[in-house]
Amino acid sequence: MEPFRYERVEEMGGAVAAIGAAPDAKFLGGGTNLVDLMRLGVERPSVLVDVTRLPFGQIDDLPDGGLRIGAGVRNSDLAADARVRSRFPVLAQALLAGASGQLRNFATTGGNLLQRTRCAYFQDVSTPCNKREPGSGCSAIAGEHHNHAIIGHSERCVATHPSDMAVALAALGAAVQLVGPEGERSIPVVDFHRLPGESPQCDAVLEANELITAVDVPPLAFADRSLYRKVRERASFAFALVSVAAALDVVGGEVRDVRIAFGGLAHKPWRAQAAEAVLLGGAADERQFAKAADAELEQAEPLRDNAYKVELARSTLVRTLLELTP
Amino acid sequence: MPESSSVSLRVNGAEHSLSIDTRTSLLDLLREQLDLTGAKKGCDHGQCGACTVLIDGRRAISCLALAVAHDGAEITTIEGLADGDAAHPLQAAFVEHDAFQCGYCTPGQICSAVGMLDEVERGWASHVTDDVAAEPRLTAAEIRERMSGNICRCGAYPNIVAAIEEVA
């Protein structure tokens, strides 16, 4: 690991100033991904700005009935919150499907959103990777890519975003709250992460000197019936091959409202708007659910070794919606 | 140039103030500077759980914890669990149930189980809890899921689950 200076900040202004003072400084949250990447030589910040003692460790009720989740709230505390468990079970389930008990105890909300892909080539500094070293090439396209993207990838990068939490937040229509030298702004989670395009080194749209302060989850009455289903290669402590976050509102056998997002398919949590459009106002039955899945997955462009993900995503979505149907 | 920083920790009840390289993990500080070699270095990437200790009562991966970021914390390692000569109930249960073979993962397994049982006590759900809004009941399936961050290459899992069930 390269040497770095450690700075602890206790107020927001100090954090933004400290990160702006050194071009390669990084914020430190729980460190469960960043410290590992530093040890691997993938990340080499000269300064770490520890933001875990900023006053962002609370989950507050918003006046509209939603929740404001502080960026420093630990994944395990968020999953354990009674309001999250009863109003947004999909979020609690997604968190609990990720990592291990020990890691969830320290991983933060902000850090979870900013975790890097687990593409083996990204983590291996001896191989080319456009995300780690722009212009060096993508080793995964011709290499081992059975768990890579089938939607929205580019010739430069076929990596997926690894977060489970972000998939639930995308389905719930949550928004990331940021602060930077120019002030505050809010970005929907679905627009926060980006597709790789020509610049896969940028996972998200936030600027280098912006800090995540919170994530706002808007009220969604029918989210009390919501599910996160994760398919992986072992029963626990593994990243998703495919995952689905869904909330479904069925009245008189018809879909009145629905929210769907996929994980494991793209460089970002994938909100399934085409599937939602097919479902709205239609019958809540298996035939319609399959039609909705097909409408979304029509755009899939699988790689040599991951065409299985199309069928897996299709059946996982159908099964999830059936489980949510009264 | 290495950068150094000072850190104060309370480890198994004893205060320590040290000047350390900022890169020092909590695991390396415990093992190399305090001679507490109970917590083990397995993968050094947060994937095996052999380095599990308790930070302020919560189970944690000490290989991915930068010591400097935990200034002021209360750390409990496997060496701090016994009450004098009396083994911690989980230590006794691991012996009773033959819950290990080579023993390398055992300190991490036991520290993880201590933290895990406290999480259950506080009503936390898990990935296998049917209704995340309800109080969990600690079945064998719940123990297996909650302990999935601790790998045992010898495969002593059935006896590890039995030992934890006895104490739960």
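This is a predicted model: local features need pLDDT of at least 70, side-chain atom pairs count only at pLDDT 80 or more; totals for chains, interfaces and linings use all residues.
Strand E11 of chain A, spanning residues 254-263, is mostly covered, since 7 of its 10 residues are buried.

**Strand pairing around E11(A)**

- On one side of the pairing list stands strand E10 of chain A (residues 242-251), which pairs with E11(A) in the antiparallel sense over 9 bridges, and within this pairing A:Asp249 stands opposite A:Asp257 of E11(A).
- The hairpin formed by E10(A) and E11(A) has 2 residues between the strands, and A:Gly252 there takes a positive phi near 55 degrees.
- E11(A) is also joined by 2 bridges to strand E12 of chain A (residues 270-271), again with the strands running antiparallel, and here A:Ala261 stands opposite A:Arg271 of E12(A).
- Between E11(A) and E12(A) the hairpin has 6 residues, and in its turn A:Gly264 has a positive phi of about 80 degrees.

**A loop residue of chain A**

- A:Ile141 is found in the loop that runs between helix H8 (120-123) and helix H9 (165-171) of chain A.
- Because A:Ile141 has 18 C-beta neighbours inside 10 Å, this residue counts as partly exposed.
- From A:Ile141 to A:Arg74 the separation is 67 residues in sequence and 35 Å in space, taken C-alpha to C-alpha.

**Contact between chains A and B**

- The contact brings together 33 residues of chain B and 30 residues of chain A.
- On the side of chain B that touches chain A, strand E4 (58-61), helix H3 (106-121) and helix H4 (140-146) of chain B each supply at least two residues, and E4(B) gives the most, with 4 residues.
- Divided by class, this side of chain B has 14 nonpolar, 11 polar and 8 charged residues.

**Domains of chain B**

- The domain assignment divides chain B into domain 1 (4-80) and domain 2 (89-167), and the centres of these two domains, taken over C-alpha atoms, are separated by 22 Å.
- Domain 1 of chain B and domain 2 of chain B each bring 14 residues to the contact between them.
- On the side of domain 1 of chain B that touches domain 2 of chain B, strand E3 (52-55) and E4 of chain B are the elements that give two or more residues, with E3(B) giving the most, at 3 residues.
- The residues on that side of domain 1 of chain B divide into 7 nonpolar, 4 polar and 3 charged.

Terms used:
Residues are numbered from 1 along each chain as its sequence is written. Chains are lettered from A and ligands numbered from 1 in the order in which they are written. A residue is buried if 20 or more other C-beta atoms lie within 10 Å of its own, exposed if 12 or fewer, and partly exposed in between; C-beta atoms are placed from the backbone. Two residues are in contact if their C-beta atoms, placed from the backbone, lie within 7 Å. Ala, Val, Leu, Ile, Met, Phe, Trp, Tyr, Cys and Pro count as nonpolar, Asp, Glu, Lys and Arg as charged, and the others, Gly among them, as polar. Two strands pair if DSSP finds at least two bridges between them. Domain bounds come from an automatic or database domain assignment.
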